[in-house]
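Subject: Structure handover

Hello,

Here is the structure for your work. My notes on what was found follow below it.

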Amino acid sequence: MRTKSLKKNKINVITLGCSKNVYDSEVLMGQLKANGKEVTHEATKDEGNIIVINTCGFIDNAKEESVNTILEYADKKEQGLVDKVFVTGCLSERYRPDLEKEIPNVDQFFGTTELPLLLKALGADYKHELIGERLTTTPKNYAYLKISEGCDRPCSFCAIPLMRGKHISTPIEKLVIEAEKLAKNGVKELILIAQDLTYYGLDIYKKRNLAELLEALVKVEGIEWIRLHYAFPTGFPMEVLDLMKKEPKICNYIDIPLQHISDSVLKSMRRGTTYEKTTNLLKDFRKAVPEMAIRTTLIVGYPGETEEDFQILKDWVTEMRFERLGCFAYSHEENTHAYSLIDDVPDEVKQQRAMEIMDIQAQISWELNQEKIGKVFKCVIDRKEGEYFIGRTEFDSPDVDNEVLVEASKHYLKTGDFVQLKITDATEFDLYAEPVN
């Protein structure tokens, strides 16, 4: 008589870093499920005996978090709490020899393009026919759609081409199939991601083809919102703006990382643009789609950034009044072009400059939000948290932008639904609202 049942393997996938990594983890989990494997995402209780950590290697803070997570699970393996630990993603791609040497307790490290090998190590086969089959980890109403991989831009500070390789666009027909499958599973909002949306199609169609892709995606039944993330400013396909203006499914929103505005810093960053060109591009955006929310990210403390450069940046942020803005302190990354420069801005100065930019932005955001009081917006309800239902307008992306809070004790809303909400109050980064009957 058997007294002990055979232990069944359960794979727990841990995702660190950006939305591109979230997407990659979802594809991995879809493949594992199709192979009959039991898989979970970031389970904390009964977390699985096989761990896969999808790492980020972008900047110092992200690398530190990735290393700490690997060490945590290597230690759990040592204690017998988990059986195997595998590491994949950008940190693993970039520093594999060092990691193998420093953390030998990990069973195996894989790079960003080695999904078939990772699956093999997990006892699964890579199934080519699984177009768009993913186990989504986001709330059921939205999902990321990665339209290309890698980047051909020469930005001096960025290590992404080292980790993700050259730009490769996914064909339109494959993306449409993926979008249709997501819509069948209840997804209503597609968030288009890539290292660079602007470049989409150049490699396979020999022209920038983002507008044509959008025209195909808006025809997918069930999809109500399409949101654009990470568009490079140089060479932006302006016909996308015309489409945004006339097509209600495309959100009046764009995430366009600009990084800096001082000409000397932009030149050293190898961004291929200038103060004048960037400012004119933003004016063109505003003229074409006046109601558009523009999100950008900036870097302060880049090598050689003077007080004058920083003042130019501050004045420009004040003038441009971005609806959404994030600011990062420069991280000196080995094997990038900027690594040959002297990292001459002290850390405390970098942090101070980042805080100053965010203080300016907080005031702008507060003023813009006050203007929304009394107005009605179509919002999607993402979740219930504590005493509030939490939603977003079309001008807000999940996790990074404003949220709309509705008191759950007074109103009942269903997650995943679109509702008309009237804004009753606002802070710098939150809106309070009630449903309009």
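Arginine 270 sits in the loop that links helix H9 (263-269) to helix H10 (275-288). Helices here are DSSP runs of H or I with at least four residues, strands are E runs of at least two, and both are numbered from the N terminus. The phi of arginine 270 is positive, about 60°, although the residue is not a glycine. Arginine 270 is partly exposed because its relative accessibility is 37%. The cut-offs: buried is under 20% relative accessible area, exposed is over 50%, and partly exposed is in between, with a 1.4 Å probe and protein chains only.

Before going on, the ground rules. This is a predicted model, where local features need pLDDT of at least 70, side-chain atom pairs count only at pLDDT 80 or more, and totals for chains, interfaces and linings use all residues. Residues are numbered from 1 along each chain as its sequence is written, and side-chain values use heavy atoms, with hydrogens and water left out.

Arginine 321 also has a positive phi without being a glycine, at about 50°. Its loop runs between helix H11 (307-320) and strand E13 (324-329). With 29% relative accessibility, arginine 321 counts as partly exposed.

Next, the annotated cysteines. An unreviewed UniProt entry lists Cys151, Cys155 and Cys158 under "binding site". UniProt positions are in the numbering used here, feature names are shortened, and annotations may be inferred rather than shown by experiment.

Cysteine 151 lies in the loop between strand E7 (148-149) and helix H5 (160-164). Cysteine 158 is found in the loop between E7 and H5. Is cysteine 151 buried or exposed? Cysteine 151 is buried, because its relative accessible area is 12%. Cysteine 158 is buried at 18% relative accessibility.

Contact means heavy atoms within 4.5 Å. Neighbours within four places in sequence aside, cysteine 151 touches Pro161, Gly165, Lys166, His167 and Gln195. On that basis, cysteine 158 is in contact with Phe58 and Thr336.

Now a helix pair. Two packed helices are described by the angle between their axes and the distance between the axes. For helix H7 (residues 210-217) and helix H8 (residues 239-246), the axes come within 8 Å and cross at roughly 25°. Axes are lines fitted to C-alpha atoms, for helices over the stretch in contact, and angles run from 0 to 180 degrees between N-to-C directions. H7 and H8 are therefore roughly parallel to each other. That label covers angles under 35 degrees; over 145 is roughly antiparallel, 65 to 115 roughly perpendicular, and the rest oblique.

Which residues make the contact? H7 supplies Leu210, Ala211, Leu214 and Glu215, while H8 supplies Glu239, Val240 and Leu243. These divide into five nonpolar, no polar and two charged. Nonpolar covers Ala, Val, Leu, Ile, Met, Phe, Trp, Tyr, Cys and Pro; charged covers Asp, Glu, Lys and Arg; the others, Gly among them, are polar.

Last, the domains. UniProt lists "domain: Radical SAM core" (unreviewed entry) at residues 137-368. That span is 39% helix and 16% strand, with its end C-alpha atoms 32 Å apart. The "domain: TRAM" feature (unreviewed entry) is placed by UniProt at residues 370-437. Residues 370-437 are 1% helix and 53% strand, and their end C-alpha atoms lie 23 Å apart.

Glutamine 370 lies in helix H12 (residues 347-370). Glutamine 370 is partly exposed, at 26% relative accessible area.

Best wishes
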